[in-house]
Amino acid sequence: MTTTEIPFLLELVIAFFLLIGALVALLGSIGLARLPDFYTRLHAPTKASTLGVGCTLLGSLLYFSFINEGISVQEGLITLFLFVTAPVSAHMMAKAALHRRVRCVRRTRNVPWEGDES
Amino acid sequence: MIAAVIPIALTLFAIGVLLNLYRLAKGPDITDRILALDTLMINSIALIVLADIQMQLGIIFEAALLIALMGFVGTVAMTKYLLRGDVIE
């Protein structure tokens with residue numbers, strides 16, 4: 001597969017990272033598809049998907065750092081960018097949903113717009 | 001071992017992308033669709049990186065970085081439009 005031979009232990013670590021990342025990201029997507037209302041759906045992918053893609057990019061960083069004889073900076077840059085921007089976009093989506101008064105499940109406590117219906 | 005793991009990871013990410021497309025088509029509110037687009041962007045970055053390892057190119061990171069940047073800007077612009085009724089005030 002490759003021109004340079006990767007040691008077995010490093011190959012094991014990279015395969016572990018890629019597989020765990022894919023599983024966690026799939027978990028986030030399943031949560032996005034199945035949870036009952038918007039606020040619970042917001043919870044699933046913003047954590048799970050970011051962690052999953054972070055694990056995948058970490059595996060890719062290890063792989064290309066070994067193949068190309070030097071630390072490959074691009075994966076680290078993408079990971080840093082994703083980890084910085086994911087909470088910001090999640091916060092803004094939650095603010096937009098609260099502003100639009102998106103429907104929530106009935107058991108939700110302390111709904112901000114519950115008292116001022118009259 | 002990596003050659004065996006990458007198709008499995010690609011399959012899992014493809015299933016995730018299909019679930020995101022289902023939520024994008026069904027989503028009862030527009031915020032659900034914005035969230036589905038954001039998750040779709042993140043999953044597509046991972047797909048691009050895995051395809052890069054599979055094909056031994058090592059040059060597609062610019063595309064991944066561009067998708068990350070444009071996805072974040074798009075999400076912020078759409079939520080800003082929903083919040084204020086205007087993108088640039």
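The close-ups below come from a predicted model.

**View 1. Helices H2(A) and H2(B) pack against each other at about 15 degrees.** Their axes lie 10 Å apart. With the cut-off at 35 degrees, the two helices are therefore roughly parallel to each other. The crossing of H2(A) past H2(B) is left-handed. From H2(A), the contact residues include Phe38(A), Leu42(A), Pro45(A), Val53(A), Leu57(A), Tyr63(A) and Phe64(A). From H2(B), they include Leu35(B), Ile42(B), Ala46(B), Val49(B), Leu50(B) and Ile53(B). Sorted by class, 13 of the contact residues are nonpolar, 7 are polar and 3 are charged. Arg41(A), Asp32(B) and Asp52(B) are among the residues in this contact.

**View 2. Asp32(B) and Arg41(A) form a salt bridge.** The N to O distance is 2.9 Å. Asp32(B) sits in helix H2 of chain B, residues 30-55, and Arg41(A) in helix H2 of chain A, residues 38-67, so the pair joins two chains. Asp32(B) has 2% relative accessibility and counts as buried. Arg41(A) has 3% and also counts as buried.

**View 3. A salt bridge links Asp29(B) to Arg100(A).** The closest N and O atoms are 3.3 Å apart. Asp29(B) lies in the loop between H1 (2-26) and H2 of chain B, while Arg100(A) lies in helix H3 of chain A, residues 73-100; the pair therefore joins two chains. How accessible is Asp29(B), buried or exposed? Its relative accessibility is 17%, and Asp29(B) counts as buried. Arg100(A) is partly exposed, with a relative accessible area of 39%. Over all chains, a search of the whole structure finds 2 salt bridges.

**View 4. Ser60(A) is a buried residue of helix H2 in chain A.** Its relative accessibility is 0%. Which residues does Ser60(A) contact, leaving aside neighbours within four places in sequence? Within chain A, the partners are Leu18(A) and Glu75(A). From chain B come Val49(B), Ile53(B) and Phe61(B).

Key
Residues are numbered from 1 along each chain as its sequence is written. Chains are lettered from A and ligands numbered from 1 in the order in which they are written. This is a predicted model: local features need pLDDT of at least 70, side-chain atom pairs count only at pLDDT 80 or more; totals for chains, interfaces and linings use all residues. Side-chain values use heavy atoms; hydrogens and water are left out. A salt bridge is a side-chain nitrogen of Lys or Arg within 4 Å of a carboxyl oxygen of Asp or Glu. Helices (H or I, at least four residues) and strands (E, at least two) are DSSP runs, numbered from the N terminus. Buried means under 20% relative accessible area, exposed over 50%, partly exposed in between (1.4 Å probe, protein chains only). Axes are lines fitted to C-alpha atoms, for helices over the stretch in contact, and angles run from 0 to 180 degrees between N-to-C directions. Angles under 35 degrees count as roughly parallel, over 145 as roughly antiparallel, 65 to 115 as roughly perpendicular and the rest as oblique. A crossing is left-handed if the near helix is turned anticlockwise from the far one by less than a right angle, and right-handed if clockwise. Contact means heavy atoms within 4.5 Å. Ala, Val, Leu, Ile, Met, Phe, Trp, Tyr, Cys and Pro count as nonpolar, Asp, Glu, Lys and Arg as charged, and the others, Gly among them, as polar.
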